[in-house]
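Have the sequence and the 3D view open as you read, and take the points in order.

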Amino acid sequence: QVQLVESGGGSVQAGGSLRLSCGAAPVYTYRSNCTAWFRRAPGKEREGVAAIYTGDGMPYYADSVKGRFTISQDNSKNTLYLQMNSLKSEDTAMYYCAAKSLLLRGCWTPSGLAEYNFWGQGTQVTVSS
């Protein structure tokens, strides 16, 4: 059973930065898979924030975070990151990392986002204005 463990959440003022990390236990090879960050704000549905195809490192972003968030991976450490800059109050949410091995529907299409089947427990990000 793959376990994904997030860290790096916290409270920050608007305009600040945080970096989320997601490691795997036991060691999980991210190569040739999709890994992603999702978030769920109170009273809202879960949404995809960013994803990366580990085969070639192609990133995908939600429009709401483009230019502010950066997804990256360190294959040597089996760790996924989400650098979040210029944070806004609307970024407040529980953030989850996720991974999947199925690639047919892609990493970022609506049907592809529904295929993520490995999840972390979440880390809370709170941005105060």
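**Notes for a first look**

1. Let us begin with Thr79, which has its place in strand S8. This is a predicted model, so please read every value below as computed from it. Is Thr79 buried or exposed? Its relative accessible area is 12%, and the limit for a buried residue is under 20%, so Thr79 counts as buried. A polar atom of the Thr79 side chain lies 2.9 Å from the backbone oxygen of Lys77.

2. Asn78 is not a glycine, and yet its phi is positive, about 50°. Most residues other than glycine have a negative phi. With a relative accessibility of 13%, Asn78 counts as buried.

3. Now widen the view to the two strands on either side of that loop. S7 and S8 form a hairpin with four residues between them, and Asn78 sits in the turn. In which sense do S7 and S8 pair? They are antiparallel, and the pairing runs over six bridges. To see how the strands line up, find Ser72, which stands opposite Tyr81 in S8.

4. A second residue with a positive phi is worth a visit. Ser86, which is not a glycine either, has a positive phi of about 50°. You will find Ser86 in the loop between S8 and S9. Its relative accessibility is 41%, so Ser86 counts as partly exposed.

5. Strand S5 comes next. Why can S5 be called largely enclosed by the rest of the structure? Because five of its seven residues are buried. S5 pairs with S4 in the antiparallel sense, through six bridges, and Ala51 in S5 is the bridge partner of Ala36. The hairpin of S4 and S5 has six residues between the strands, and Gly43 takes a positive phi near 80° there.

6. S5 has another pairing to trace. Strand S6, residues 58-61, runs antiparallel to S5 and is joined to it by four bridges. Here Tyr53 has Met58 in S6 as its bridge partner. Four residues lie between the strands in the hairpin of S5 and S6, where Gly57 has a positive phi near 75°.

7. How many residues does the largest nonpolar core have? It has 27, and those with the most contacts inside it are Trp37, Val49, Phe69, Ile71, Leu82, Met84 and Tyr95. At least two residues of this core come from each of S3 (18-25), S5 (47-53), S7 (69-74), S8 (79-84), S9 (93-100) and S11 (123-128). In soluble globular proteins, nonpolar side chains tend to be buried together.

8. Leaving aside residues up to four places away in sequence, Met84 touches Gly16, Ser17, Leu18, Leu20, Arg68, Phe69, Tyr95 and Val125. There is also a second, separate core of eight residues, including Ala51, Ala98, Cys107 and Leu113.

9. Please check the disulfides too; the count comes to two. One joins Cys22 to Cys97, with an S to S distance of 2.0 Å. This link is right-handed, with 45° about the S-S bond. It connects distant parts of the chain, since Cys22 is in strand S3 and Cys97 in strand S9, 75 residues apart. Cys22 is buried, at 1% relative accessible area, and Cys97 is buried with a value of 1%.

10. Another disulfide is formed by Cys34 and Cys107, whose sulfur atoms are 2.0 Å apart. Why is this disulfide called left-handed? The torsion about the S-S bond of Cys34 and Cys107 is about -75°, so the link is left-handed. Distant parts of the chain are linked here as well: Cys34 is in strand S4 (residues 34-40), while Cys107 is in the loop between S9 and helix H1 (110-113), 73 residues away. Both Cys34 and Cys107 are buried. Counting bonded cysteines along the chain, the disulfides follow the pattern 1-3, 2-4.

Key:
Residues are numbered from 1 along each chain as its sequence is written. This is a predicted model: local features need pLDDT of at least 70, side-chain atom pairs count only at pLDDT 80 or more; totals for chains, interfaces and linings use all residues. Side-chain values use heavy atoms; hydrogens and water are left out. A nonpolar core is a set of buried Ala, Val, Leu, Ile, Met, Phe, Trp, Tyr and Cys residues joined through side-chain atoms within 4.5 Å. Buried means under 20% relative accessible area, exposed over 50%, partly exposed in between (1.4 Å probe, protein chains only). Contact means heavy atoms within 4.5 Å. Two strands pair if DSSP finds at least two bridges between them. A disulfide is a pair of cysteine sulfur atoms within 2.5 Å. A polar contact is a pair of N or O atoms within 3.5 Å; within protein, one must be able to donate a hydrogen and the other to accept it, and residues adjacent in sequence count only if both atoms are side-chain atoms.
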